Amino acid sequence: MYIDIWQFLGGLVHWLLVDIIGPILGWIGFHGLESWLGSPGVLNFVTILLVALIVFTVGMLVAITHIWQERKTLGRLMDRRGTQVGPIGLFQNFADGLKVLVKEAIIPDAADPLVYNAAPVIIIGVSLFMFVTIPYSQGFYVANPQMSVLLTLAIFSLVPFGVLIGGWASNNKYTLIGGLRAAAQIIAYEIPLLLSVIGVIILAGSLNFMDIVAYQQSHVWMVVPMILGFVVFIISMNAELERVPFDLPEAEAELVEGWMTEFGGMKFGLIMMSEYARGFVGASIATLLFLGGWDMPSFLQFIPDELWFLAKVFAVFGLFIWIRGAMPRVRTDQILAIGWKRLLPLAAINIFIAIIFKTLGWF
Amino acid sequence: MPLEWDLLIFLFISAVAIGAALAVVWSKEVVRSVVFLALVFLCIGFTYVFLNAEYLAVVQIMIYVGAVSVLMLFGIMLTKRRLLGGDRCE
């Protein structure tokens, strides 16, 4: 059971523009406007806008809930209670957002104003752009291109650029070091990430999220044959998201806050928000590629696909939080060695396993 | 005559690409040049979409914007330079 958001909103827009607003305009006398509003181009455009708006809102709400989940779970792991505002602390993030919103927007005196202002735009825009290709179910998506996996990972690779110029433009040595570390780490861990995805693509024979999920529904969840790839993917995704075992770029004790030290007000708020938006995208890629997407046991068919998908995403993000609570930070000199000497060979072995399974026709 | 949206968007993207290419040459600051260079790469990636070469477009964005321009930024930032608005070498 799934919601076909395109059909639903298309019908809603048609009803609103053709059956309600159209006759009112015709009654007033604007017949040209009435026929223009009823034309398929306008209906299509309004439907696309509404779908994009709804998927964007759902993504942002899930990202905010991820922040709440992280603060609450980390609090419990550390034997405290976590957020307190509202019922079970749900409104804390909205309160923080309001607080950040009323702060003054400051540009440091020595900063390069053009690049300093462009960096948050690049980072936030890139992070939110990735919502476009993530399908929640067969009917709940914005775009479904033929190569959605490749497109999502390509957009993922644009983040270090924004981080690097953001760290440089603040004109502060901590931000510069943080930006360099962040970019080096993200670029290094992107290669094992992509290689671990290749195994799944070989087995499923498609670059499309829908086809990969359909393959897993008819065969087996990818986590079973590709367990090595799943482990490599989760570790590299943690490094991509700059989360705790790999949070050298923003090491609080040595680099203040890393590359985002000089960003204040809503710029900082949105950068933090976009980090969790990327966390949501990373968790949902792991869900779609390895954990079967919206696949479910057949006796639980009455629960909508979207809820199944979101439940798995929250479980994967819970794994990220658990790792954050349990692990100490990796040392600076070890971080690139782990990526290049450990994860890269493991990802290569995973590709060989995938090729062997594909040749033998096991999965 | 109906408006040709494809042509309009193509012309806009081409104009941005040419303007950014000029900005690459005319910027005084090297890092700004790289930022505009990334914009040129991005616009070229978009023009591949108009040629019905989506795979090439995605790979262009992935490699040129995601890797090559970052590599150039690394090269610039790891060389000796003056801090903005000061004489002190870092």
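## Chain B

Of the 90 residues of chain B, 36% count as buried (under 20% relative accessible area; over 50% is exposed and in between is partly exposed, with a 1.4 Å probe and protein chains only). The model is predicted, so local features need pLDDT of at least 70 and side-chain atom pairs pLDDT 80 or more, while totals for chains, interfaces and linings use all residues. Residues are numbered from 1 along each chain as its sequence is written, chains are lettered from A and ligands numbered from 1 in the order written, and side-chain values use heavy atoms, without hydrogens or water.

Chain B has three helices and zero strands (DSSP runs numbered from the N terminus: H or I of at least four residues for helices, E of at least two for strands). Its pattern along the sequence is α-α-α. Take the contacts in chain B with a separation of 6 or more: 41% of them join residues 24 or more positions apart. A contact means heavy atoms within 4.5 Å.

## Aromatic pairs

The whole structure holds 13 aromatic pairs over all chains. Rings of Phe, Tyr and Trp (its six-membered ring) pair if their centres lie within 6.5 Å; planes under 30 degrees apart are stacked, over 60 edge-to-face, and the rest tilted. A:F131 and A:F280 make an edge-to-face pair, at 5.6 Å centre to centre and 65° between the planes. This pair links distant parts of the chain, 149 residues apart. A:F131 sits in the loop between α5 (113–129) and α6 (148–156) of chain A, and A:F280 in helix α12 (residues 265–290) of chain A. Both A:F131 and A:F280 are buried.

A:Y276 and A:F317 have ring centres 6.3 Å apart and planes at 55°, so this pair is tilted. A:Y276 belongs to α12 of chain A and A:F317 to α13 (residues 305–326) of chain A, so the pair ties together parts 41 residues apart in sequence. A:Y276 is buried at 10% relative accessible area. A:F317 is buried too, at 0% relative accessibility. One aromatic cluster is formed by A:F131, A:Y136, A:F140, A:F280 and A:F309.

## Helix α7 of chain A

Helix α7 (residues 159–169) of chain A is mostly covered, with eleven of its eleven residues buried. Among them are A:F161, A:L164, A:I165 and A:W168. The buried residues of α7(A) pack against elements of two chains. From chain A come α5, α6, α8 (173–204) and α12. From chain B come α2 (30–50) and α3 (54–78). Just after α7(A), A:N171 takes a positive phi of about 60°.

A:T83 lies in the loop between α3 (40–77) and α4 (92–101) of chain A. At 4% relative accessibility, A:T83 is buried. Its side chain reaches the backbone oxygen of A:G89 at 3.2 Å. Neighbours within four places in sequence aside, A:T83 is in contact with A:W68, A:R71, A:K72, A:I88, A:G89 and A:Q92.

A:A337 is placed in helix α14 (residues 332–360) of chain A. This alanine, A:A337, is partly exposed at 30% relative accessibility. A:A337 and A:W15 are 322 residues apart in sequence and 59 Å apart in space, C-alpha to C-alpha.

## Pockets

The largest pocket has a volume of about 1200 Å³. On a 1 Å grid over the protein atoms alone, a pocket is an open set of points with protein on both sides within 12 Å along at least five of seven lines, unlike a cavity, where a 1.4 Å probe fits but cannot get out; lining residues have an atom within 4 Å of a point. Points are joined across faces, edges and corners, and the volume is the space filled by probe spheres set on them. Of the 33 lining residues of the largest pocket, A:F129, B:L42, B:F46, B:V49 and B:I61 are the closest to its centre. Both chains contribute: α5 and α6 of chain A and α2 and α3 of chain B each supply at least two residues of this lining. The lining has 29 nonpolar, three polar and one charged residues (nonpolar: Ala, Val, Leu, Ile, Met, Phe, Trp, Tyr, Cys and Pro; charged: Asp, Glu, Lys and Arg; polar: the others, Gly among them).

The second largest pocket has a volume of about 960 Å³. It is lined by 35 residues, and A:I67, A:R71, A:M272, A:M273 and A:Y276 lie nearest its centre. Elements giving two or more residues to this lining are α3, α4, α12 and α13 of chain A. The largest share, ten residues, comes from α12(A). By class, the lining of the second largest pocket divides into 15 nonpolar, six polar and 14 charged.

Note on methods: A polar contact is a pair of N or O atoms within 3.5 Å; within protein, one must be able to donate a hydrogen and the other to accept it, and residues adjacent in sequence count only if both atoms are side-chain atoms.
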